[in-house]
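Student: I have a structure open and would like to work through it by question and answer. Where should we begin?

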Amino acid sequence: MDTTSFIKKTIGGVMQVEPALTPPPANAEQTSFAKKPKVGSSKSKKREIPEGLWIKCPACDVMIFDKELDENLQVCPKCQQHLPIASRERIHSLVETCTFQEMDAEMVSVDILKFASYKSKLERDRKATMLKDAVVTGIGKIGVHTVALGVMDFRFMGGSMGAVVGEKLTRLIERGTEGGWPVIVISTSGGARMQEGAFSLMQMAKTSAALAYHAKARLPYLSVLTNNSYGGVMASYAALGDLNLAEPGAMIGFAGPRVIKDTTHADLPPGFQTAEFLLDHGLIDAIVHRKEMKAQLIKYFDYFAAGKKHPAA
Ligand SMILES: [Zn+2]
């Protein structure tokens, strides 16, 4: 209980100011709070629920124990809302244990344009996420299938694509082509990284060209779109899958709905830019629940590999 609670007391319109060190009066229990303490706050009498262990689902408002959310791959157990998931957590949920070999783990962005506060933002997100940039790439096994897997992370500068994201994905795709492996990229991004200007935009062409060579080698590329996938990412590699999959409820588009509404002055249809809307309109091929993603990917790869003699089969 802090001492400031006892400084001001209004009795009959007269304000009495007491020294901060005055001991609380005997009836302090009833009168000492300037306002009613919030339930669940640190000043609440009952502290049976430790703070920080409960997360409120933004869709259905139910309180979820964070351990339960971790076990459920950050999917709300009540309404199945797919909450953001860290890239490494997602990789862990997909690949066979100890098979993932990360590529280019030390590659970092350079503030080549001297963009205001870019360096400090990079530092901030590196510390907060323990990542070097917004994508983790590597080779791993899903079931019996060796795959080149890239997973974006929205926590790092909104999953924006700068030179590092573009270069890491290009190298991943090229490695997939060399190895004769399928490529999977799991996207979540606000788009190109404005702090790297045209260098970010060049990544669109570079990643797309690498995918063209991968396709020429008759190898499958699966793009998985998660909430949210926008801008230059959606306008390049994220939309180029032989199969474009999405998580339920994911928001997917080029420009956001507000920009489109302001530009066109038209009312947008209900559910505009949701995965479900885009499935109905043919932009994506399937919606796959996060917990079923691994099994579904294995099914697709089994299908793609049918007729080919698989070394591990
Ligand atoms: Zn929910």
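Student: Which residues have the most contacts inside the largest nonpolar core?

Tutor: That core holds 49 residues. In the protein, buried residues make up 33% of the 313 residues. Inside the core, the residues with the most contacts are Ile-184 and Leu-225.

Student: How far apart in space are Lys-114 and Gln-195, C-alpha to C-alpha?

Tutor: In sequence, 81 residues separate Lys-114 from Gln-195. From C-alpha to C-alpha, the distance between Lys-114 and Gln-195 is 8.4 Å.

Student: Among contacts between residues at least 6 apart in sequence, what percentage join residues at least 24 apart?

Tutor: The protein has 10 helices and 11 strands. Of its contacts between residues at least 6 apart, the share joining residues at least 24 apart is 65%.

Student: Where does pLDDT stay under 50?

Tutor: The mean pLDDT is 88, and 81% of residues reach 70 or more. Where pLDDT is low, the predicted coordinates should not be read in detail. It stays under 50 over residues 1-24 and over residues 40-44.

Note on methods
Residues are numbered from 1 along each chain as its sequence is written. This is a predicted model: local features need pLDDT of at least 70, side-chain atom pairs count only at pLDDT 80 or more; totals for chains, interfaces and linings use all residues. A nonpolar core is a set of buried Ala, Val, Leu, Ile, Met, Phe, Trp, Tyr and Cys residues joined through C-beta atoms within 7 Å. A residue is buried if 20 or more other C-beta atoms lie within 10 Å of its own, exposed if 12 or fewer, and partly exposed in between; C-beta atoms are placed from the backbone. pLDDT is the predictor's confidence in each residue, from 0 to 100. Two residues are in contact if their C-beta atoms, placed from the backbone, lie within 7 Å. Helices (H or I, at least four residues) and strands (E, at least two) are DSSP runs, numbered from the N terminus.
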